[in-house]
Amino acid sequence: MGARLNLKHKIGQGIPPQQFIDGMQNRTMETSNITNTKERFISVYENFTWAQEDQKVFFTTLNNPSDLHCLILCTDWCPDVIWNVPLLFRVMEQSGISTEVLLMEKHLETMDLFLTDGGRNQPIAVFLNASGDVLGRWGARPAYIQAVMDRFKKNNPNKQAANYKEKLNLTYRKIGDLYQVNNEYQEVILRELRDLFTTFSS
């Protein structure tokens with residue numbers, strides 16, 4: 001295991017979560033079935049509830065939240081951001097972890113350290129210790145939703161194919177449906193974050 005990636009120089013370069021929300025534009029994302037992105041984002045944030053008390057307790061009683069810092073790389077024009085970032089905000093609040101948003105376009109060199117299948121998929125939440133060492137990352141989607149995209153890419157390697165775009169849009173629609181079917185995706189994110197956080201203390 002080589003030296004840990006250190007991003008101490010990025011701490012303080014982002015914007016607070018509330019500023020990100022305030023600055024969001026209202027967009028319509030037809031493929032993902034979101035009619036008003038900012039409204040949906042705020043609604044996911046405001047309607048979030050802890051389905052399982054033990055999850056809430058876990059995130060409330062983290063050992064040293066003051067030693068952790070979260071950088072969320074994202075923009076307001078990605079559907080996964082609309083679903084996942086409100087949840088990340090909620091978990092960080094509950095955990096007392098200081099959090100800032102790095103707008104992807106302004107921090108591409110950082111984004112490019114956390115590619116998904118070679119692509120700039122967002123949101124990416126990066127967790128640092130007090131010294132700025134990267135302890136772990138989460139993103140851009142819950143694993144079972146990401147699997148839908150992975151399958152698509154595996155089955156459609158040729159981006160120049162005549163029906164590639166059409167199939168890609170169908171995949172985005174499928175992913176959009178998975179987010180909207182119930183709150184399963186939220187429970188999965190909480191589990192994934194909990195598993196990740198458990199590795200920090202070891």
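Select helix α4 (residues 79–95) and helix α8 (residues 184–200). Their axes come within 11 Å and cross at roughly 50 degrees. Axes here are lines fitted to C-alpha atoms, for helices over the stretch in contact, and angles run from 0 to 180 degrees between N-to-C directions. Angles under 35 degrees count as roughly parallel, over 145 as roughly antiparallel, 65 to 115 as roughly perpendicular, and the rest as oblique. The α4/α8 crossing is right-handed: the near helix is turned clockwise from the far one by less than a right angle. Helices (H or I, at least four residues) and strands (E, at least two) are DSSP runs, numbered from the N terminus.

This is a predicted model, in which local features need pLDDT of at least 70 and side-chain atom pairs count only at pLDDT 80 or more, while totals for chains, interfaces and linings use all residues. Residues are numbered from 1 along each chain as its sequence is written, and side-chain values use heavy atoms, leaving out hydrogens and water.

Now show side chains at the α4/α8 contact (heavy atoms within 4.5 Å). From α4, pick W83, N84, L87, L88, V91, M92 and S95. From α8, pick Y185, Q186, I189, L190, L193 and F197. Colour them by type: 10 are nonpolar, 3 polar and none charged. Ala, Val, Leu, Ile, Met, Phe, Trp, Tyr, Cys and Pro count as nonpolar, Asp, Glu, Lys and Arg as charged, and the others, Gly among them, as polar.

Stay on N84 in helix α4. Is N84 buried or exposed? N84 is buried, with a relative accessible area of 0%. The cut-offs are under 20% for buried, over 50% for exposed and in between for partly exposed (1.4 Å probe, protein chains only). Not counting residues up to four places away in sequence, N84 touches P123, W138, A140, R141, P142, Y179, Y185 and I189.

Zoom to Q122–P123: the bond is cis, with omega near 5 degrees. P123 sits in the loop between α5 (108–111) and β3 (124–128). Then go to G139–A140, also cis, with omega near 0 degrees. A140 is in the loop between β4 (134–139) and α6. Most residues other than glycine have a negative phi, and most peptide bonds are trans.

Next, positive phi. N33 has a phi of about 60 degrees and lies in the loop between α1 (17–23) and α2 (37–47). N33 is partly exposed, at 44% relative accessible area. D117 has a phi near 50 degrees and lies in the loop between α5 and β3. D117 is exposed, at 55%.

Select F197 again. Leaving aside neighbours within four places in sequence, F197 is in contact with F58, F59, L62, M92, S95, I97 and F127. Which residues have the most contacts inside the largest nonpolar core? They are F20, F41, F89, F127, L193 and F197, in a core of 49 residues. Helix α4 gives the most to this core, with 9 residues. A nonpolar core is a set of buried Ala, Val, Leu, Ile, Met, Phe, Trp, Tyr and Cys residues joined through side-chain atoms within 4.5 Å.

Last stop: helices α6 (residues 143–155) and α7 (residues 164–181). Their axes come within 10 Å and cross at roughly 170 degrees, which makes α6 roughly antiparallel to α7.
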